Amino acid sequence: SNTFKIVEREQLKKVIEELKVGQSGIIDTGEARKVGKMLGAGAIITGSVMKIKDALRIDSRIIEVETGLIVGAETRSCREDLSEISRVVSSMTGALAKKFYLNPE
């Protein structure tokens, strides 16, 4: 869909370097606001992936750029299989988009 604009990793790297984000690569809410504003985004989706035994745990949240508020968060687990990961991430993105667009603020 045309709901989201995907930012190339190289563009994001440049923005993150400009913000001097630490080596961890983790973007906190305040940094996400800055990144979103620099990219002209209304919201930014951030997340992490953690391996737990034979599964992956994927955590994500959608942050409204203007306010810095976390509008929604999602957590899912799946197998280490590309099609399964793709399905889960797509489901999470859809759920986060609904939370962002249904946010009354």
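**Sheet and salt bridges**

Me: How many bridges join β1 to β2?
Reply: β1 and β2 run antiparallel; strands are DSSP runs of E with at least two residues, and helices runs of H or I with at least four, numbered from the N terminus. The model is predicted: local features need pLDDT of at least 70, side-chain atom pairs count only at pLDDT 80 or more, and totals for chains, interfaces and linings use all residues. Numbering starts from 1 along each chain as its sequence is written, and side-chain values use heavy atoms, leaving out hydrogens and water. The number of bridges joining the two strands is 10.

Me: Which are the edge strands of the sheet?
Reply: The open sheet of 3 strands has the order β1-β2-β3, with antiparallel pairing (two strands pair if DSSP finds at least two bridges between them). Two strands each pair on one side only, and these are β1 and β3.

Me: With which residue does lysine 51 form a salt bridge?
Reply: A salt bridge puts a side-chain nitrogen of Lys or Arg within 4 Å of a carboxyl oxygen of Asp or Glu. Lysine 51 is in strand β1, and its partner, 29 residues apart, is in the loop between β3 and α3. With the closest N and O atoms 2.6 Å apart, the partner is glutamate 80.

Me: Is glutamate 74 buried or exposed?
Reply: Glutamate 74 meets arginine 76 in a salt bridge of 2.5 Å, N to O. Buried means under 20% relative accessible area, exposed over 50%, and partly exposed in between (1.4 Å probe, protein chains only). Glutamate 74 has 13%, so it is buried.
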